[in-house]
Amino acid sequence: MRDGFGRQITYLRLSITDRCDFRCRYCMPEHGVPKLPREAILSVEECVAAVRAAAACGVTKVRITGGEPLVRRGVLDICAGIRAIPEIRELCLTTNGSRLAELAGPLRQAGVDRLNVSLDTLRPDRFAALTRGGRLQDVLDGIAAAEAAGFPLKLNAVLLGGVNDDEIPALAALTWEKPWQVRFIELMPMGPCAAWPAARFVPAEAVLRACPELQPDGFGGVAERYRFPGAPGSVGLIRPLSHRFCGSCDRLRLTADGKLKPCLHSGAEIPVRGLQGAALEAAVAAAVAAKPAAHHLASGSESGRDMNEIGG
């Protein structure tokens, strides 16, 4: 299905919970955010039905997000249900990695194809400070378990000026050791960090300055890929601020409480709870039709939600 600007929409990011076991400084306030009551969250069956309707409208790729999706009871059932939909050719999941050591194998068995793991720093003390209490070793153990389970891996690092930008070379160097993609993501001015000083917002170009040996290696989704000559892995740059990729955006988002968002930074939301069959497919079509040409993030996100409420 094409939107009003000719873009083919094939990708759904499905948030299955607004809850998280970390309190990352760029995502949540220190004491968290008001949690949705459990009855407000889409059930396993509703999640699968929404994906089935999206698949009928042309979606072929689904990414499970949160909050932190691995804290959701029923995450494996949701994954297995989506995997059983014939039109879905790729099922991915984004996680902070804290519970991945125990769940990597079951996720693979449930049909997940790929994992993205957040990894903003390789320093245990800095990790604990950024996540407000998380343990880096838990995430490293989860990454090892995911590798053992056969998952292709992407590691996501949000660039934070004066916080972790001194670790760009060390994070990029992981691609010398493993066939992973380490992706550096520009910080977006939304949620808690919307009022942060300008120095915190580092352009992805800083990665190329810190690692001048990197050579262009094409594109992968929204990431510009680079590679150290001879390295098995690659480095990805994701630039929501310095280089918009709206012109090729192929995605919709569905929040954990059942609202379709045509754009991450748009305030538009289309409710799907209680809809079935043709009505549910019509809601998906309406979300596609409502996709804007581009976001206006430079002047502030219009989403009206924090990132944990939308899905990372």
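## Close-up views of a predicted model

**View A. Helix 1 crosses helix 9.** In this predicted model, the axes of helix 1 and helix 9 (residues 277-289) come within 9 Å and cross at roughly 65°. Helix 1 brings Ala49, Ala50, Ala53, Ala54 and Ala56 to the contact, while Leu280, Glu281 and Val284 come from helix 9. Sort these contact residues by type and you get seven nonpolar, no polar and one charged. As for the hand of the crossing between helix 1 and helix 9, it's right-handed.

**View B. Meet the largest nonpolar core.** This core has 86 residues, and the ones touching the most other members are Leu14, Ile64, Leu107 and Phe184. Which helix gives the core its largest share? That's helix 1 (residues 44-56), with eight residues. If you're wondering about the general idea, nonpolar side chains tend to be buried together in soluble globular proteins.

View D. Helix 3 (residues 100-109) has Leu100, Leu103, Ala104 and Leu107 buried. Why do these four count as being on the same side of helix 3? Because they cover an arc of only 125° around the axis. Now look at the other side of helix 3: there, Glu102 and Gln109 are exposed. What do the buried residues of helix 3 pack against? Their partners are helix 2, strand 3 (90-95), strand 4 (114-118) and helix 5.

**View E. A cis peptide bond between two glycines.** Gly66 and Gly67 are joined by a cis peptide bond, and its omega is about 15°. Where is Gly67? Look in the loop that runs between strand 2 (61-65) and helix 2 (75-83).

**View F. Arg132 and its positive phi.** Arg132 isn't a glycine, yet its phi is positive, at about 55°. You'll find Arg132 in the loop between helix 4 (124-131) and helix 5 (136-148). Is Arg132 buried, exposed or partly exposed? Its relative accessible area is 28%, so Arg132 is partly exposed, given that buried means under 20% and exposed means over 50%.

Conventions:
Residues numbered from 1 in each chain as written. Predicted model: local features only at pLDDT ≥ 70, side-chain atom pairs only at ≥ 80, totals over all residues. Heavy atoms only, no water. Core = buried A, V, L, I, M, F, W, Y, C linked by side-chain atoms within 4.5 Å. Buried < 20%, exposed > 50% of the residue type's maximum accessible area, 1.4 Å probe, protein only. Helix = DSSP H or I, 4+ residues; strand = E, 2+ residues; numbered from the N terminus. Axes fitted to C-alpha atoms, helices over the stretch in contact; angles between N-to-C directions. Left-handed = near helix turned anticlockwise from the far one by under 90°. Contact = heavy atoms within 4.5 Å. Nonpolar A, V, L, I, M, F, W, Y, C, P; charged D, E, K, R; others polar. Arc of directions from axis to C-beta.
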